[in-house]
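User: I have a structure open here and have not looked at it before. Can you walk me through it?

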Amino acid sequence: LYVDEKKIKISKKLESLVFLNLSSYAGGTDLWNAAKEDINYSNPSLCDGLLEVVGTSGTFHLGAIQLNLASGERVAQGANILIKFETNKSIPVQVDGEPWLQEPAEIHISPAHSANMLYCVTGKELSKDIKNSHTTNQQQQSTTPSAIQIQQSQSQSQSQ
């Protein structure tokens with residue numbers, strides 16, 4: 001896994017990685033645990049141009065997260081993601097609820113088209129979000145949705 005061209009070490013206890021451009025997952029579950037402060041990461045935002053990478057250790061862990069008994073493991077945060085499979089076996093992959101077995105490949109996830117997004121906020125969040133949104137919009141547009149590009153690995157392409 002490479003995020004913004006930096007190699008990211010993935011804990012061996014993790015069974016899955018989730019790439020988010022929203023602060024919720026699977027019906028509103030907060031995998032990133034945005035309420036938890038962390039100096040290594042910024043809070044997720046719809047208009048920051050970043051994707052959050054969160055790891056889970058299995059189905060029991062996912063259940064505990066949905067019940068607010070646990071949170072996902074923060075792995076990385078960045079705008080450009082490259083996933084290189086270091087195996088010759090097929091790996092289960094899911095994008096937006098659509099599963100398949102992925103042959104060895106490189107998967108690139110990066111911002112694609114931009115769109116202005118509206119959402120409801122209240123109280124202190126409103127002034128903070130307006131300030132952050134104004135600053136961010138001057139730098140770049142919102143990056144929803146992301147583009148996913150899959151390239152077959154060279155060894156796979158040459159054997160065909």
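Predicted model: local features only at pLDDT ≥ 70, side-chain atom pairs only at ≥ 80, totals over all residues.

User: What pLDDT does the protein average?
Analyst: The average is 76, and 69% of the residues score at least 70. pLDDT is the predictor's confidence in each residue, from 0 to 100.

User: Where is confidence lowest, and where highest?
Analyst: Helix 3 (residues 154-159) is lowest, at a mean of 47, and strand 2 is highest, at 94. Helices (H or I, at least four residues) and strands (E, at least two) are DSSP runs, numbered from the N terminus. Over residues 154-160 pLDDT stays under 50, and the model has three contacts beyond four places in sequence for them. Contact means heavy atoms within 4.5 Å.

User: OK, salt bridges. How many are there?
Analyst: A search of the whole structure finds two. The term means a side-chain nitrogen of Lys or Arg within 4 Å of a carboxyl oxygen of Asp or Glu. In one of them K13 pairs with E73, with the closest N and O atoms 3.5 Å apart. K13 lies in the loop between strand 2 (6-7) and strand 3 (16-20) and E73 in strand 5 (residues 73-78), so the pair ties together parts 60 residues apart in sequence.

User: And what does R74 pair with?
Analyst: R74 forms a salt bridge with D38, at 3.7 Å from N to O. That pair also links distant parts of the chain, with R74 in strand 5 and D38 in the loop between strand 3 and strand 4 (51-56), 36 residues apart.

User: Is R74 buried or exposed?
Analyst: R74 is buried, with a relative accessible area of 13%, whereas D38 is partly exposed at 23%. Buried means under 20% relative accessible area, exposed over 50%, and partly exposed in between (1.4 Å probe, protein chains only).

User: Which residues have the most contacts inside the largest nonpolar core?
Analyst: They are L1, V3, V53, V75 and I81, in a core of 15 residues. A nonpolar core is a set of buried Ala, Val, Leu, Ile, Met, Phe, Trp, Tyr and Cys residues joined through side-chain atoms within 4.5 Å.

User: Which strand gives the most to this core?
Analyst: Strand 9 does, with three residues.

Definitions and conventions:
Residues numbered from 1 in each chain as written. Heavy atoms only, no water.
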